[in-house]
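Please keep the sequence and the structure in view while reading.

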Amino acid sequence: MSTDNLRDEIEQHFGEAVVADDALLRDCMSLCRTFNISPQDLSFKWQAINFNNKQSLQIFTPKSVVELRAQLQSGQAKAVASSVSRNFARGRGSLFGKLRNVTAKKVDETLSTSKVVFRCPGMDELSRKSRSYRYMHEKVLERSEVLDDRIDCFAELVQRHYHIEELGDPACATEEAVTVVGRIVIDAEAASSGVKINESSLVLESSRMMGSGVRVPIRLTSETKLRGGIKGTTGVSFFPGAIVALRGRNGGGGFFSVDDVLALPLAQAPSPPLSDPSASFSMYIACGPFTPDSDLQYKPWSQLFQKLISTKPAVVLLIGPFVDADHPQIVAGDIGRTPSEMFERVFQEALRDFLLQSPGSIVLLVPSVRDIISDHVVFPQSELRSFGTDPRIHYLPNPCRFSLNGLSFGVTSVDVLFHLRKEEYFKRLQDVDPSVSDHARTSDAMVSLARNLLQQRSFYPIFPVPLDVSHEVNLDVTHSEGLRLGTEDECAPDVLVLPSRLKQFSKAVDNSMVINPSFVQKGCYAQLSYAGQASGIPRDRVDVEISKIA
């Protein structure tokens with residue numbers, strides 16, 4: 001039945017009020033198509049529910065949709081169970097074997113039509129439980145050990161990369177130049193006054209193993225150089241929490257004088273994959289908020305959904321917040337349904353309709369710490385609880401690493417680019433002994449910000465969280481292993497998705513393609529296409545376009 005005919009029949013049996021409500025009309029059409037039922041039979045089902053509930057006033061509402069869907073699903077399940085029971089009675093096999101075969105066949109048929117191979121490490125039950133950790137139970141000792149371990153790991157990396165026999169202690173006075181590794185912190189006076197980090201307030205914190213955890217002011221001079229960086233780099237970024245390697249000396253004046261800033265080693269470059277035409281796929285990337293602050297109608301999301309229906313991409317990546325806890329109407333309590341009902345009706349039902357029309361596609365959902373439907377509002381954040389059983393809808397943690405047909409991704413919903421932009425202090429230095437040539441514009445601020453993440457190997461390298469944006473990131477330092485962008489032996493993600501309020505972009509940074517798709521609320525999303533039949537590293541096979549919804 002065509003859409004127009006279906007609309008006319010719904011108007012005939014449910015009235016003009018339902019057709020005038022786009023959401024209710026869409027829900028009715030979805031029920032008819034999903035359960036292969038006519039609008040007339042759907043109306044009979046609704047009347048039966050009203051009769052059983054003894055409701056004399058029959059007004060079709062969103063609650064009616066929920067009740068109808070539950071009734072139809074229940075009836076469908078009873079029909080299947082009855083059929084299996086009859087087959088059992090006729091001696092056609094075990095009841096449990098029949099159920100198992102039916103379920104396995106249905107799942108296998110769904111997965112066999114998928115156009116992409118999705119892999120995400122740590123999706124077993126034990127890993128899921130570890131991500132759903134109890135927060136607000138951090139111990140000071142555990143917190144300090146995690147911070148120290150990060151310094152020590154980078155110290156080993158720098159020592160091996162630059163062939164350094166022994167690292168020094170920045171607090172010890174020496175006549176000879178030594179190499180030290182530590183964390184940039186801001187001095188207590190500047191921190192208490194709320195002053196942004198600057199050259200005069202730079203302090204280096206060592207680990208307990210290398211320098212007893214002592215904090216020492218550092219001094220950069222006109223002779224300080226950047227060594228081992230990317231060719232064309234004009235300087236280096238400092239921000240609270242950044243791990244740095246410095247060469248210089250402490251002459252006993254209470255500070256460490258820096259001769260050279262040693263650039264942190266780049267992550268390993270991925271091996272070029274084999275040319276495979278079947279590995280090609282298309283992908284839509286969209287980030288919330290999905291509705292403007294003025295209402296909860298989700299019109300931008302509805303417009304994007306229509307594009308999904310028409311283009312049918314192989315992969316849809318949606319990043320929260322889906323139901324934003326900071327939305328003015330939710331803050332005021334001016335909502336007519338629970339947040340879970342909103343998510344089910346606005347997103348889950350729409351995505352099921354999409355997968356019904358595009359059975360070979362998959363959907364990936366990454367939450368936000370602002371999602372009111374999430375009961376885990378810390379960073380790193382566990383995945384949303386499952387709202388359905390469709391194996392093509394994958395619930396992922398925030399942040400997360402996964403791969404699609406061998407193309408690796410890194411995704412987070414936290415606006416780390418904006419936070420870095422606010423906190424960083426950029427010092428221009430002379431470039432000496434560059435390691436590799438730069439493929440991107442060194443003067444591009446967005447490239448510089450993204451490179452900080454790749455070099456620091458963290459989805460959120462800032463520590464502590466800036467006070468004025470602390471409400472956006474409830475950082476749990478004890479579980480910082482969930483923020484790792486990669487270990488020293490791992491390659492950086494081929495595609496790094498970093499939604500931000502800064503201007504949308506897609507840029508090649510080192511061996512990665514970095515994407516800021518902006519927000520659906522602003523009418524923006526990203527379209528990605530991967531060419532399996534091509535040469536070069538995976539980043540060179542990716543084409544990204546930042547598009548407008550309307």
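What is the strand order of the open sheet of 6 strands, and what is its pairing? The order is 1-12-13-16-18-17, and the pairing is mixed. The model is predicted, so local features need pLDDT of at least 70 and side-chain atom pairs count only at pLDDT 80 or more, while totals for chains, interfaces and linings use all residues. Residues are numbered from 1 along each chain as its sequence is written, and side-chain values use heavy atoms, with hydrogens and water left out.

**The sheet**

- Strands (E, at least two residues) and helices (H or I, at least four residues) are DSSP runs numbered from the N terminus, and two strands pair if DSSP finds at least two bridges between them.
- The edges of the sheet are strand 1 (118–119) and strand 17 (505–509); each has a single partner strand, so one side of each is left without a neighbour in the sheet.
- Helix 15 packs on the sheet and touches strand 16, strand 17 and strand 18, where contact means heavy atoms within 4.5 Å.
- The direction of helix 15 makes about 55 degrees with that of strand 17; axes are lines fitted to C-alpha atoms, for helices over the stretch in contact, and angles run from 0 to 180 degrees between N-to-C directions.

**Strand 18 and its partners**

- Strand 16 (residues 495–497) pairs with strand 18 (residues 512–516) in the parallel sense, over 3 bridges.
- Within strand 16 and strand 18, Val497 stands opposite Ile515.
- Strand 17 and strand 18 run antiparallel and are joined by 5 bridges, with Val509 opposite Ser512.
- The hairpin of strand 17 and strand 18 has 2 residues between the strands, and Asp510 takes a positive phi near 55 degrees there.
- Strand 18 is largely enclosed by the rest of the structure, because 5 of its 5 residues are buried; buried means under 20% relative accessible area, exposed over 50%, and partly exposed in between (1.4 Å probe, protein chains only).
- Both faces of strand 18 are covered, with Ser512, Val514 and Asn516 buried on one side and Met513 and Ile515 buried on the other.

**Backbone features in loops**

- The peptide bond from Phe379 to Pro380 is cis, with omega near 5 degrees, and Pro380 is found in the loop between strand 10 (362–366) and strand 11 (393–395).
- Asn398 and Pro399 are also joined by a cis peptide bond, with omega about 0 degrees; Pro399 is in the loop between strand 11 and strand 12.
- Asn405, although not a glycine, has a positive phi of about 50 degrees.
- Asn405 lies in the loop between strand 12 and strand 13 (407–411) and counts as buried at 17% relative accessibility.
- Arg457 is not a glycine either, yet has a positive phi of about 55 degrees.
- The loop between helix 15 and strand 16 holds Arg457, which counts as buried at 8% relative accessibility.

**The second largest pocket**

- On a 1 Å grid over the protein atoms alone, a pocket is an open set of points with protein on both sides within 12 Å along at least five of seven lines, a cavity is a set where a 1.4 Å probe fits but cannot get out, and lining residues have an atom within 4 Å of a point.
- The second largest pocket has a volume of about 720 Å³; a volume is the space filled by probe spheres set on the points, which are joined across faces, edges and corners.
- Of the 33 residues that line this pocket, Pro121, Arg401, Glu481, Gly482 and Arg484 are the closest to its centre.
- Strand 12 (400–404) and helix 7 (125–131) each supply at least two lining residues, and the largest share, 4 residues, comes from strand 12.

**Cavities**

- The structure holds 4 cavities of 30 Å³ or more.
- The largest cavity has about 380 Å³ of space and is lined by 27 residues, of which Gly235, Val236, Ser237, Asn452 and Gln455 lie nearest its centre.
- Helix 15 gives the most to the lining of the largest cavity, with 6 residues.
- The second largest cavity holds about 80 Å³ of space, and its lining includes Leu454, Gln455, Asp510 and Ser512.
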